[in-house]
Structures are given as C-alpha cells and as structure tokens.
Amino acid sequence: MGSSTTVVLRRRTEAPKPGRTLRNRSNSRKMVDEDEYSDTSCEKCGSGEYPAQLLLCDKCDRGFHLFCLRPILASVPKGSWFCPSCDDNKNLTKFPLVQTKIVDFFRIQRPSNSINEFSPGKDCQKKRKRGSSLVVSKKRRRLLPFNPTKDPTRRLEQMTSLATALLAAGADFSNELTYMPGMAPRTANHAALEREGMQVLSKDDTETLQLCKNMMKQGEWPPLMVVFDPKEGFTVEADAIIKDWTIITEYVGDVDYLNNREADDGDSMMTLLTTNDPSKDLVICPDKHSNIARFINGINNHTPAGKKKQNLKCVRFDVNGECHVLLVANRDIRKGERLYYDYNGYENEYPTEHFV
C-alpha cells in the first residue's frame, strides 16, 4: 500500500457552494439577497459579514455564523435548528451501561469473556510466514488488525459511548455498507468502473479486514472511545496505544448515486466510486446507518498545527470486486489521543479553514 498508489479522498463529495443560504421560521431553505438580511449579525462575533454562513434560529430568529458555533456546523442542518439558548435538548442522553442492551444494540452474536478466545496476533503471524518469499526484494507493509481491550467492563464502556453518539445522531448501527430500496443497488458497486483505477486489497489484508469485523461481531471491540467535546461535538479518542497501519474501521452507510444526493446537505458523505459516467458515481451516506467512522473528525488542513493532528488516512480499496473505504492509522497513536484524518486528501473541495 505505497503512497504512490494510495487514493485518499475527502469526506464529502462536494463542498457547499457559495450562496446566500439561510434558514427561516418556516423551516425551508431559500436563496435570498444580501440586502434582505443586511441588519442581521452573528450573536457570537458581532459581524454581519459572510451572510452565506449566517444561520437563523427557528425560534428567536437570531443569527449565528456556522463557523462561530461550538461545535462548528459544516453546513446548514436539516430540519429545525435552534440556537444554544433556545435548544431544549441540551442534556445528552447516555445509553445504559447494561450488557444485554449493548448486545442487542450492536447485534453481537456471541459475547466473549476473554480476548484469548479470538486472538488475531498468532493467526496473522502464521499467515504472514506462509506468504513470505525470498525473491521479494522490497517488503510490502501489511495492514494490522486492532487489538481489542482485554477488560470486558471497559469494552462495554467503549460500546456504550458509541451507542450514545449514534442515538443522538438518530442513526442505527451498521458495520457494513447498506443497500436500501430506492437507492443504488449492490450491483452498482463495481470497482472496475473506477475512473482512475483502484488499488486491490491483497488477500492477506482482506483476511485481516474480515478478522476485524468478525471480532466485532463477537464483542471484541477496538480500543476507541467516543466523547463529546463542546467545541468539536462528538469525537473519537484512542483508548489504548494503536500501532501504525492498524485498521481503525471501515467507512460505512447507505450507498447511493451521487446524482440523488446533489441537494443533500449532510456533512458526512464519502466518495465511494468515481466513474467516467457521472450517473454511476456512488457515495456513502452515514446519516441513517453508520459506525464509529462517522464521529472521527477532520483536520484544519490550512494550518501547520492542524496538519500535525492527522493520525489516520482514508483509503479506497477494491475488495473482491467492490469498492470499500478504510480508515487506517498512518502513525503510532498514543492512548488518549484524538483521531483525525484529512477530509480533502488531494482534492481541496471541503471547507476546513474554520475547523478547530
């Protein structure tokens, strides 16, 4: 998986277009003249500049810049929006720390009491030894499986943190790409259609990816904790040391045609397939079905400090003929360190200049 062939994508397929988008009390989005809201200013910074970024509260009609809010809003939210003073749902409802409820929520097949029942280390080492060859002059690095937390109580806490975030986002848990009626069918996800070609995930790395998914099905969870930050919103922290090249998660959600999502203002769409025929381009939409990938934040790639925070890379792969997007550690990650990746990669279309 050399850097010369790695395809790193932005988190959103297309940046919000410059425009005068404001939300009024009727809860409908409309394009207006700047003069119509010339007397509207941001309650946070006091400025009336950047009217296209001013969001009106549906209760008090006061204005707020998207980038002045904490957490920052990447785009105008769907449905009614209320400012911090008018929001009646300030208290976060935590998912109960009850094993049976967690097992049901994540559809765990067989809760495991010991990590030794499903140990990835020995199996992977055996496979790699069998696959070694003396004729290979340059050793290719392989993806690593995550090491689950050994403490079962801590694993429950990790899963509870994700369940809390998913409930708050109104999404169901899924660890696979989902194909819903009325959206793109699974047959549309054909990696051979990729316009510039797509890196094929090797047999060993495919087995490692499946190993990670099987561990999660059995309750062996990656050492990740979802926390709520007043500035960043939900974000993800490493709950143990994570080695470079470790698979963090697959980016999942509903697969749909990009053409169906042109008017979608969700801020978490991910490119899945880019073809020579725009009508066949696919995106991943995690607003209804998602996993922990949805809550991993992006860096501000306009500043050196922001770029230094990046510890993951986003890579698309051909996995058995289908496109998949993986988030992989691109360096060793310390316990307690928050996870970040570049929403843009080589295409600078996603606006990150106001990211914390």
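1. Buried here means under 20% relative accessible area, exposed means over 50%, and partly exposed lies in between (1.4 Å probe, protein chains only). The model is predicted: local features need pLDDT of at least 70, side-chain atom pairs count only at pLDDT 80 or more, and totals for chains, interfaces and linings use all residues. Residues are numbered from 1 along each chain as its sequence is written, and side-chain values use heavy atoms, with hydrogens and water left out.

2. Start with Glu-220. Its relative accessibility is 0%, so Glu-220 counts as buried. Its side chain meets that of Arg-155 in a salt bridge, 3.6 Å from N to O. A salt bridge is a side-chain nitrogen of Lys or Arg within 4 Å of a carboxyl oxygen of Asp or Glu. Glu-220 sits in the loop between H4 and E6 and Arg-155 in helix H3, so the pair ties together parts 65 residues apart in sequence. Arg-155 is buried too, at 3% relative accessibility.

3. Helices (H or I, at least four residues) and strands (E, at least two) are DSSP runs, numbered from the N terminus. Helix H4 covers residues 203–217. The expected span of a helix is 1.5 Å times one less than its number of residues. For the 15 residues of H4 that gives 21 Å, and the end C-alpha atoms are 21 Å apart, which agrees. Buried residues of H4 include Asp-204, Leu-209 and Met-216. After H4 comes Gly-219, with a positive phi near 90°.

4. The total is 15 salt bridges. One of them pairs Arg-142 with Asp-204, with the closest N and O atoms 3.3 Å apart. Arg-142 is in the loop between helix H2 (120–130) and helix H3 (152–169), while Asp-204 is in helix H4, 62 residues apart. Arg-142 is partly exposed, at 23% relative accessibility.

5. Glu-194 and Arg-316 form another salt bridge, at 3.0 Å from N to O. Glu-194 lies in the loop between E5 and H4, and Arg-316 in strand E14 (residues 312–319), 122 residues apart. Both are buried: Glu-194 has a relative accessible area of 8%, Arg-316 one of 4%.

6. Thr-274 is in the loop between strand E10 (270–273) and strand E11 (282–285). Its relative accessible area is 17%, so Thr-274 is buried.

7. Ala-184 lies in the loop between strand E5 (172–173) and H4. Ala-184 is buried, at 0% relative accessible area. Ala-184 and Asp-281 are 97 residues apart in sequence, yet 9.8 Å apart in space, C-alpha to C-alpha.

8. Check the cysteines. The whole structure has zero disulfides, a disulfide being a pair of cysteine sulfur atoms within 2.5 Å. For Cys-57, the nearest cysteine sulfur is that of Cys-60, 3.6 Å away. The sulfur of Cys-68 is 3.9 Å from the closest cysteine sulfur, in Cys-45, which is too far for a bond. Cys-57 is buried at 0% relative accessibility, and Cys-68 at 17%.
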